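Keep the structure open while you read.

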Number of protein chains: 2
Amino acid sequence: MLAPQQLAELGRLLAADRVATDTDTLTRYGLDWTRYFTPDAAAVLFPKTVEEVVALVRWAQREQFALVPSGGRTGLSGGAVARNGELVVSFERMNAILELDKVGRTVRCQAGVITKTLQEYALANGLYYPVDFASSGSSQIGGNIATNAGGIKVVRYGMTREWVVGLKVVTGEGEVLELNHGLAKNNTGYDFRHLFIGSEGTLGFIVEATLRLARPPAELAVMVLAVPQLADIMNIFNAYRDKLDLTAFEFFSEQALRHVLARGTVQRPFDEAADYYVLLEFEKIAPDTETQALALFEYCAEQGWLVDGVLSQSQQQAAELWRLREDISESITPYKPYKNDIAVVVSKVPAFVAQLDEILAREYPQFEVVWFGHIGDGNLHINVLKPEALAIDDFRRACEQVNKHVFELVRDFNGSMSAEHGVGLLKHDYLDVSRSHAEIRLMKAVKSLFDPDGIMNPGKLV
Amino acid sequence: MLAPQQLAELGRLLAADRVATDTDTLTRYGLDWTRYFTPDAAAVLFPKTVEEVVALVRWAQREQFALVPSGGRTGLSGGAVARNGELVVSFERMNAILELDKVGRTVRCQAGVITKTLQEYALANGLYYPVDFASSGSSQIGGNIATNAGGIKVVRYGMTREWVVGLKVVTGEGEVLELNHGLAKNNTGYDFRHLFIGSEGTLGFIVEATLRLARPPAELAVMVLAVPQLADIMNIFNAYRDKLDLTAFEFFSEQALRHVLARGTVQRPFDEAADYYVLLEFEKIAPDTETQALALFEYCAEQGWLVDGVLSQSQQQAAELWRLREDISESITPYKPYKNDIAVVVSKVPAFVAQLDEILAREYPQFEVVWFGHIGDGNLHINVLKPEALAIDDFRRACEQVNKHVFELVRDFNGSMSAEHGVGLLKHDYLDVSRSHAEIRLMKAVKSLFDPDGIMNPGKLV
């Protein structure tokens, strides 16, 4: 709760019209795409400059007031949720693209630039920012970096981490650190850039980033394949990956597809239905690449791994095929899905999936479970849909019971309990599934170095 | 200095024949490729297991005895030098390749595996470990990771950092941390793996690593080009990089070439001499790639950027051309070169080089200066050769005088004062050229979390 004098001080630090306390704004900016928390923010602040961010953090440190960073709020673990009277610091007014370096193939921008804006800017300049996901129209670069966002091209281009060559951050002491200066090579001690990537705002705020850009890919072709057996997805992956440089290799279940089709905006890709589908994408790098892809299709069909498939004949068709995969999340949002975002090393996917399938079938007999994910990265998204009649708290409690079994299995496989969604509030209690007690102790100690007063996004991650 | 009882204890922790105190071993293992320090190690230890490393570290913590890690000792900044009576911990007996995952394309190995051994093992299994440098026949994986080694393929494949998906480390408290478990995706808090990469043994010892492997490249073609003007190297880089996916783009001076030719083992690549040469490499990914490369050659020649060149006609010729670049370091070793390993962002290379050239010509009139480096990464190696008559200490002092000017310039350009060689002992005093005082303070604090007694490679880096 902000005292009137505090509110007045914040108004002076920024400008009165960039300190919001109306219910609408508090609710909207106090929540991300996680729907399990009740927002309760004290105010929402909209700084425009790094200096303003520094002033805010120093003020918060003096007043011992907790801060929550706010990007596009598309997170799925409650990392950007304010539910304890915190101040929300929105970066949406810090949305300038500052400098393009065409020779160095980098772009420097403020934290609030929207992913899609950056992607389009890069393309307009003959370059390419390859980190992409369904939420790219809302998510912001600062949030992507704070959560090390993954997405649908990781199999080729890696996570956000790989694309950050410079960071400007404001620590919990209001200190500005300029990390790595956009350099391709710089071996001068501990690389704090990588400490901030994926730190979910708990060490400081990312205010500016320099990102690498790639050459744009050649024309992309998309295939969707019908796969009766989950285990064969890995066989198909191996066959294609050995011959083609894949830019994506995604899978989803018939159940997921049905939710997308139910919206009536896209068509089933072929007559044949199967329990699972693969969507793969590759660059038409040589004149015979498509021929190769079709030969691989024949080979996989002969092995009995797939029963039908389609290869895009145009960019428009490719985009339509992508919607079968990309629209899943949105199509199931009305069911308030409980999400598991888990990963194991790729080669262990078949064994892991077999055991996971058994657990889910046994533990969720009453719930609909929708599978999809990035199998080329070993990353599965399990979405449990809430039956309409069930209260959300009861539903969440039921899912958390099942978590015990799921995370037991993840632990047995040395897997990740949050492959790309981060920890935030939602996964906070499961950190020890993937990190040892020694690591958690050291994480807490590292946090207290960068944020000695614990004002930066408290209660999240560690 | 080890007391007899301490020596006896170490003999019990390992085995008597894995604790060496003879002068030969102490001298050999107390020094790396930096020739500016006098080795003074108390003993050299050869553990065989992680448990033995843990026992050693715990013993050292109890006895407050400093430890220095020792890999292939090919470092160029004195990171692995013992000159204050430390215990050297050699990893050469921990040299097992533990597990190949062909589907996941990863390999798990102990820290002491030699780079070339790993490269050959990968190739024998149809895969590829792309981090490569002239010292690959001696350098060890653990040392590569501890120094985030770069090398000659960074422009395509990045630094060692990009290839590490799992690390097992022993901290300065003797705690074993298993970092990231080889996962492609794992967003569960601060990524300590990246903190240990490039930490030069100051936080703990790397005992095991899981490395990503790539598909082997298609057949590689090499071109060497004669370039009269240093500034035009960037123009050539831009022209080629826009059309071809380069796997290497190196440059060296005529002066460097002369040292290589003087050894009489390789030939001048063409009759025409120029002040500078470019060596570039690309995959013959399509039937017309070489035609494209030759068309680019014509274009660059028309612009007046180059005056001669050669394209390899066989793998043997490609290997011979590579020796023109790779043999430089060895050919100048007898001159005890003082090395600057500096980097700026790629687009600033021409401006930086022009000013640097001026400084070197002005400040080193009496010394021969040999240039080479990885211009596609913005990374220049400046080697100042010691005149035979000059004492090494006087020579080093003279070079350190010039450093002031060089590092002033690096600082003006927000560059790196050690792009790939690390900090170690040699660059320790220049850390603030590339890192702010706030960063250095935080680096020291982070070190004290992982190594509270300061026993891990003290005096290096921070």
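The model is predicted.

**The two chains**

The size of an interface is often given as the accessible area lost when the parts come together. Here chain B and chain A bury about 6100 Å² between them. Of that area, 56% lies on carbon and sulfur atoms. In chain B, the residues that lose the most area to chain A are B:K185, B:N187 and B:Y190. Together they account for 17% of what that side buries. The contact draws 77 residues from chain B and 77 residues from chain A.

**Two helix pairs**

One pair sits in chain A, with helix α1 (residues 4-13) against helix α3 (residues 50-63). Their axes lie 10 Å apart. The angle is about 160°, which makes α1(A) roughly antiparallel to α3(A), since the cut-off for that class is over 145 degrees. From α1(A), the contact uses A:Q6, A:E9, A:L10 and A:L13. From α3(A), it uses A:E52, A:A55, A:L56, A:W59 and A:E63.

The other pair is in chain B. Helix α8 (residues 232-243) and helix α10 (residues 289-302) bring their axes within 10 Å. They cross at roughly 155°, and α8(B) and α10(B) are therefore roughly antiparallel to each other. On α8(B), the contact residues are B:I236, B:A239, B:Y240 and B:K243. On α10(B), they are B:Q292, B:A293, B:L296, B:F297, B:Y299 and B:C300.

An α-helix has 3.6 residues a turn, so residues three or four places apart point the same way. Keep that spacing in mind when reading the contact lists.

| α1(A) and α3(A) | right-handed | 5 nonpolar, 1 polar, 3 charged |

**Helix α9 of chain A**

Which residues of helix α9 of chain A are buried? The helix spans residues 254-262, and its buried residues are A:E254, A:A256, A:L257, A:H259, A:V260 and A:L261.

What covers the buried residues of α9(A)? The cover includes strands and helices of chain A. Among the strands are β11 (246-253), β12 (276-283), β15 (368-374) and β16 (379-385). The helices include α11 (315-326) and α12 (328-332). Just after α9(A), A:G264 has a positive phi of about 75°.

Methods:
Residues numbered from 1 in each chain as written. Chains lettered and ligands numbered in written order. Predicted model: local features only at pLDDT ≥ 70, side-chain atom pairs only at ≥ 80, totals over all residues. Heavy atoms only, no water. Buried < 20%, exposed > 50% of the residue type's maximum accessible area, 1.4 Å probe, protein only. Helix = DSSP H or I, 4+ residues; strand = E, 2+ residues; numbered from the N terminus. Contact = heavy atoms within 4.5 Å. Axes fitted to C-alpha atoms, helices over the stretch in contact; angles between N-to-C directions. Parallel < 35°, antiparallel > 145°, perpendicular 65-115°, else oblique. Buried area = accessible area lost by both parts, 1.4 Å probe. Left-handed = near helix turned anticlockwise from the far one by under 90°. Nonpolar A, V, L, I, M, F, W, Y, C, P; charged D, E, K, R; others polar.
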